[in-house]
Amino acid sequence: MITKRWSVDNSVDKEDSYSQFSQAADLLKNNEVVAFPTETVYGLGGNAENDEAVRKIFEAKGRPSDNPLIIHIADKGQLDAFVTEIPQNAQALMDRFWPGPLTLIFNLKEGVLSHYATADLSTVAVRMPDHPVALALLNKTGLPIAAPSANRSGRPSPTTADHVWEDLNGRIAGLVDGGPTGIGVESTVVDCTGDVPVILRPGGITREQLEEAVGEIRVDPALADESQAPKSPGMKYRHYAPDAPLYLVEGTKEDIQHFVEDKKKEGLSVGVLTTSENLEFYRADFIYACGQRDKLETVASSLYEALRYFNTTDADIIFCEMFPGEGVGHAIMNRLMKAAGHRVISR
């Protein structure tokens, strides 16, 4: 398959003047799959109403078909077609955070969306992205678009078009290149089908922000206990992992350097994932500074770039610092735990 690639201005406000949007939208309306940028990561879109289109998403990613997808819309009015109701808490969260990096879980109206998109569940995950290119493309199609991250399953999520190209060139019909994304980690997923909203996946909107909008927010126990099956799209299987094994180190930078030296004595090439504050401290074969520790949003925005960097090296093993688990740090640690396969070591 030949993958078409279009470059567009990510501040576009007159999408009708861009033939790229029409071409990409036509592919989507013809049940092909197209990657496009959002404010979180690049998504791989397909018509959520069509079984063939959704199957192509799973095939391109190599993603297990029992893993539900997030449906992307450009207008809140589209919800009426495929959800049974909009609870009061959901409405409050939509009013506050849509468009934005927040996915909400609703009860599903049967017979509208492809059952592949929802993995035969009775619920559906929906969000409205806060990105001009994504919204322009969604508006052009007029469709609900199923769109997981546009990477091969298990690999770090893509925050640039080049990341998508590296993983999916030749496997998808098109790629809309709107430049780098902003937030860098996926959307927060909140289940609104019960009396109290429940965070199923931490992301770009923090628990603290959600509580300011609707009061009490609970957290899915599966986020703290890996023995429990998670309910959120994109959280059921190992994700985000670089090729070399990644270990999170509970301790000081001196502890990390101790592990580095031990592995180097064994003849291994060693990588360290750190922040700019500690960049000059480490003596390892490969070192990557992932933002600033005192500005965790910078860590989030460059996290997947950092994980992909190590795939360009000969690192045999990677050690990584840990981060506070509050605010956006919750999302960072969630992704790092998944990338490390929950391997945490201490000296």
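**Close-up 1. His342, a partly exposed residue in a predicted model.** His342 counts as partly exposed because its relative accessibility is 33%. The model shown here is predicted. His342 lies in the loop between helix 9 (residues 328-339) and strand 16 (residues 344-345). Its backbone stands out too. Phi of His342 is near 65°, a positive value in a residue other than glycine. Most residues other than glycine have a negative phi.

Close-up 2. Asp120 is not a glycine, yet its phi is positive, at about 60°. The residue lies in the loop between strand 5 (residues 102-107) and strand 6 (residues 123-127). Is Asp120 buried or exposed? Asp120 has a relative accessible area of 59%, so it is exposed.

**Close-up 3. The cis peptide bond between Trp98 and Pro99.** Trp98 and Pro99 are joined by a cis peptide bond. Omega is about -5° here. Most peptide bonds are trans. Pro99 lies in the loop between helix 3 (residues 88-97) and strand 5 (residues 102-107).

**Close-up 4. Ser149, a buried loop residue.** Ser149 is found in the loop between strand 7 (residues 145-146) and helix 5 (residues 161-168). Its relative accessibility is 15%, so Ser149 counts as buried. Which side chain makes a polar contact with the side chain of Ser149? The partner is the side chain of Asn151, at 2.5 Å. Other neighbours come from further along the sequence.

**Close-up 5. Helix 1 packed against helix 4.** Two packed helices are described by the angle between their axes and the distance between the axes. Helix 1 spans residues 19-29, and helix 4 spans residues 132-141. They pack at an angle of about 55°, with their axes 9 Å apart. That angle makes helix 1 oblique to helix 4. The crossing of helix 1 past helix 4 is right-handed.

**Close-up 6. Residues where helix 1 meets helix 4.** Helix 1 brings Phe21, Ser22, Ala24, Ala25, Leu28 and Lys29 to the contact. Helix 4 meets them with Val133, Ala136, Leu137, Lys140 and Thr141. How many residues of this contact are nonpolar, polar and charged? Seven are nonpolar, two are polar and two are charged.

Note on methods: Residues are numbered from 1 along each chain as its sequence is written. This is a predicted model: local features need pLDDT of at least 70, side-chain atom pairs count only at pLDDT 80 or more; totals for chains, interfaces and linings use all residues. Side-chain values use heavy atoms; hydrogens and water are left out. Axes are lines fitted to C-alpha atoms, for helices over the stretch in contact, and angles run from 0 to 180 degrees between N-to-C directions. Helices (H or I, at least four residues) and strands (E, at least two) are DSSP runs, numbered from the N terminus. Angles under 35 degrees count as roughly parallel, over 145 as roughly antiparallel, 65 to 115 as roughly perpendicular and the rest as oblique. A crossing is left-handed if the near helix is turned anticlockwise from the far one by less than a right angle, and right-handed if clockwise. Contact means heavy atoms within 4.5 Å. Ala, Val, Leu, Ile, Met, Phe, Trp, Tyr, Cys and Pro count as nonpolar, Asp, Glu, Lys and Arg as charged, and the others, Gly among them, as polar. Buried means under 20% relative accessible area, exposed over 50%, partly exposed in between (1.4 Å probe, protein chains only). A polar contact is a pair of N or O atoms within 3.5 Å; within protein, one must be able to donate a hydrogen and the other to accept it, and residues adjacent in sequence count only if both atoms are side-chain atoms.
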